[in-house]
Amino acid sequence: MTTAIAHSFAPFSATQSFTPARNNPDVYVDTRMFRPQLQQLLATRPHISPSQTERFLLEAELMFQAFPEPIRRAVLELKNGLARYPFKVFPLMPTDPALPPTPLDSRRPRVEGAMMGEWLSGAFTRGLGEPFGYIQQNEGEIFQNNSPVKLHANAQSGESSATELWFHTDASFHPLPPAFVVLHCLRPDPAREAVTSFAALSDIMAQLTPRQRQVLREPRFLSDGVEYDYDDVNQRGNRMVKVPLVYGSEEDPFLAYDQDVHRPLDPEASDTMRALNLAMESVAQHVKLEAGDVAIFDNRRSIHKRSPFKASYDGNDRWCLLTYVAGNQIDSSREKRMPSRRRVLDVPAVMGFGMGM
Ligand SMILES: [Fe+2]
């Protein structure tokens, strides 16, 4: 039996001092001139509820196709790995003039039809790929309502507020993590304390030695449990597995890491994890999401965290829609492809195997 080394990091807080990325055009897409066009697009949306999932997502895809070209371009650059950073913020998208109170239970409020936020989240996710949910999270809801829940104020989840949500990739412990995530702020925390930080894997790797990069690729880390709201998985799967933190191709690797979940299994892995944590802090870009801001990130080429903030549980708290997006088949088969040949498979054919990519 292996024994994991205890946490080797002291999480930093981005709230103390940080340089906001709002003036960085590689992070913030300038959307100001397109607001009238987007308002018009939303005003003519059909009367379909998100509960009619496939019809709603088809209309959302059509809405994405009608977005102004520079917005579509920015989304597609991120989707295709051509953006400077594997995350972007589309600030101040149109918002519902009569937004319901922030839910106290992180569930969708009773609303007739679709909220503007659901249309916009739907459109951005359809630009990126296929939105999906996990049955363990709000019964598979596609557009998850992320708001502070009193009972979970100190949890390592999107329902927390009193504690920092440490650096993680979403569903790092899951065999099918989202390729992209759309985080759409409907209402910020009134005191504007919440800071979301993103770090690009390519920037992180550039801070590490070749040896450290190699150690991260070896199964010398224990995936010690899952987020509490995936608890069903515990009863079905092996929750104590040795994993690498970095995987995939040499030239364009993926990251699956959660500071709350993964533990180093030996002293060198521990030192490497410490170097990784420091690198993430040093290259992070920090944002404070405002009402209508849509942040999208590549969940395998970046890592993110959120600072603590004050919650009052009075309907005015921070409220974000969170949507997971599955990537394309080419990316999910990345390890079976030829080095440097993104679109060329190198895997033997197996008779009767019949498994898709
Ligand atoms: Fe997250």
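How many helices and strands does the protein have? I began my entries with this count and found nine helices and 15 strands, keeping in mind that I am reading a predicted model.

Next I looked up burial and contacts over the whole protein. Of its 357 residues, 41% count as buried. When I took the contacts between residues at least 6 apart in sequence, I found that 81% of them join residues at least 24 apart.

I then turned to strand β1, which spans residues 87-90, and asked which of its residues lie on each side. F87 and V89 are on one side, K88 and F90 are on the other, and I noted that all of them are buried, with both faces of the strand covered. This arrangement can be read against the general rule that side chains in a regular strand alternate between the two faces of the sheet. For the pairing of β1, I found strand β13, residues 294-298, joined to β1 in the antiparallel sense over four bridges. F90 has V294 of β13 as its bridge partner.

My last entry concerns helix α2, residues 53-65, and helix α4, residues 116-128, whose axes come within 7 Å and cross at roughly 75°. Because angles of 65 to 115 degrees count as roughly perpendicular, I recorded α2 and α4 as roughly perpendicular to each other. On the α2 side the contact is made by F56, L57, A60, E61, M63 and F64, and on the α4 side by W119, G122, A123, F124, R126 and G127. Sorting the residues of this contact between α2 and α4, I noted eight nonpolar, two polar and two charged.

How values were computed:
Residues are numbered from 1 along each chain as its sequence is written. This is a predicted model: local features need pLDDT of at least 70, side-chain atom pairs count only at pLDDT 80 or more; totals for chains, interfaces and linings use all residues. A residue is buried if 20 or more other C-beta atoms lie within 10 Å of its own, exposed if 12 or fewer, and partly exposed in between; C-beta atoms are placed from the backbone. Helices (H or I, at least four residues) and strands (E, at least two) are DSSP runs, numbered from the N terminus. Two strands pair if DSSP finds at least two bridges between them. Axes are lines fitted to C-alpha atoms, for helices over the stretch in contact, and angles run from 0 to 180 degrees between N-to-C directions. Angles under 35 degrees count as roughly parallel, over 145 as roughly antiparallel, 65 to 115 as roughly perpendicular and the rest as oblique. Two residues are in contact if their C-beta atoms, placed from the backbone, lie within 7 Å. Ala, Val, Leu, Ile, Met, Phe, Trp, Tyr, Cys and Pro count as nonpolar, Asp, Glu, Lys and Arg as charged, and the others, Gly among them, as polar.
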